[in-house]
Amino acid sequence: MQHHDSQDDGIRTVILRCEQSEPRRMPKVTYIEHNGKEHTVDVPEGWSVMEGAVKNLIPGIDADCGGACACATCHVFVDAKFEAKIPPKSDMEETMLDFAPEIQPNSRLSCQIKVTPELDGLVVRMPQSQH
Amino acid sequence: MNVAVGSLEQARNDAWSLPLEKIDPANADRFQNDTIWPYFERLRREDPVHYTADSAYGPYWSVTRWNDIMAVDTNHEVFSSADGIVLSTLESIAENEKIRGPRDRNAGGFISMDPPHHGPKRKTVTPVVAPDNLARMAPQVRERAGIILDSLPIGQEFDWVDKVSKELTAMTLATLFDFPFEDRRKLTYWSDMFTNAPGHGPAKSWLHKKEAADECFGAFAHLWNQRVNAEPSFDMISMLAHSPATRNMDPREYQGHVVLLIIGGNDTTRNTISGSLYALNKYPEQYAKLRANPGLITSMVSETIRWQTPLAHMRRTALRDFELGGKQIKEGDKVVMWYVSGNRDESMIADPNAYLIDRERPRQHLSFGFGIHRCVGNRVAELQLQIIWEEIVKRFPDIRVVGEPTRTHSSFVKGYETLPVVIPARN
């Protein structure tokens, strides 16, 4: 819980900073591998969460289809606090996830999550493996 | 060797001089003699959504570029699988109808179904190929790979397809079905009888094919009856027999699933295992890289799956008129996605004809398909390839291909019937 609180503070700080001064910094995304290893990186606005992982060489996201919502190999679990800030799944995302293993209510395909300032501090966890 | 080179040159001349409308890329002869490449090269460049009006397969569209293939594969609302996913010859369709009556829509295995039929049936078997079960299977696959490799002759020519590729994949498939282990090579035989036209592979005639299919379906009806009366167990037949989505299937639909799982479960992996050894011999500098760094096995496996493309195509049927790449596809038209061509699309894959085991993005390939019908067993395939190569490099410094392989006569199964090799020595 400590972790979450400090992140809330982090978000508030960012919002304040964004309101007060330029330049805005890039949103941060934390990727947590299935083995618990964390990677926090800056991801430019407009990139997908999948691109943020692949382009930073973070293991655990394969993204075989390159971001076309057509394979489910960029499956992540989205931290509860951010679920509501991400637009709902398309029918195709819903269908592709439906065929993937280890599905949870907070499962998403990370190629379908566009990074926005509201998602600064986003935390996503990876499944055991991508299928 | 000269003959092969000569015929590829001939093919190059033909491919670039024929009037476009005469190009019929599904001609299985060109797959068997490995001269299909220039035809796809020309189509990608000059006519990426191509119509063949007249062929042994009847009229059909060929989609040859990566992006167009992706557009078809991810649009299951327009491009239906319910009328079959293989481009079959008119003769084969007629012969099958003679034996089994007209084919019903959505009546094959789940790969030949559209939503809403497709999903629940596909999901019946996915637990078998999910990560937990793969982790359980891995030590067994490794043990079997070791036994197979340790039994190979040293310094003596043998057929890699028969002794290794077929053997390992038949063992795995027998386990996935909980099929009698000692009869596992029947699975391989039935698969070859399903996929080959008379006169090719083991198939002598349509009647011969029918006899093999009847034998196969009889054996699997027996397994179903066994499983349905037993407690549910963790194999695909038991799952089909007990799952609410599949337990009331009629026999023909069950047979469709059997065909799908037999072909999908062994042919593809078998031909990629053979393809990996063939490719590493054709490109010895790549074999040297692998030897020096066995950590490259994972990316070599993906690169081989791209380079080999063990299923050359998947077919769809348009449910309504649709414009693709400036062409008007009409309702009812057959549309073939040539994965084998998309995997060589230079606009998507750098230096696509090269076999490079350390490519930057080796998993970027079309061989598993994309969208709702994406290969369900892709990780079982990769697991077997990964393990067999880990065990190979432990044991043998070199395995030499000592002659050209014989290739499958098919524009669907892109594989090898034989691959002569010699293992000079053990480590």
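## Before you start

This is a predicted model, so to speak: local features need pLDDT of at least 70, side-chain atom pairs count only at pLDDT 80 or more, and totals for chains, interfaces and linings use all residues. Residues are numbered from 1 along each chain as its sequence is written, while chains are lettered from A and ligands numbered from 1 in the order in which they are written.

## The sheet in chain A

Chain A has an open sheet of five strands in the order 2-1-5-3-4, with mixed pairing. Strands here are DSSP runs of E with at least two residues, numbered from the N terminus, and two of them pair if DSSP finds at least two bridges between them. At the edges sit strand 2 (38-42) and strand 4 (107-109) of chain A, each pairing on one side only.

## Who pairs with whom

Start with strand 1 (residues 28-32) of chain A: five bridges tie it to strand 2 of chain A in the antiparallel sense. I32(A) faces E38(A) across that pair. The two strands make a hairpin with five residues between them, and G36(A) in the turn has a positive phi of about 100°.

Strand 1 of chain A also runs parallel to strand 5 of chain A, joined by four bridges, with V29(A) opposite L122(A). Strand 5 (residues 122-125) of chain A in turn runs antiparallel to strand 3 (residues 75-78) of chain A, with two bridges. There, F77(A) stands opposite R125(A).

## Meeting chain B

How many residues of chain A are in contact with chain B? There are 14, touching 16 residues of chain B (contact means C-beta atoms, placed from the backbone, within 7 Å).

How values were computed
Contact = placed C-beta atoms within 7 Å.
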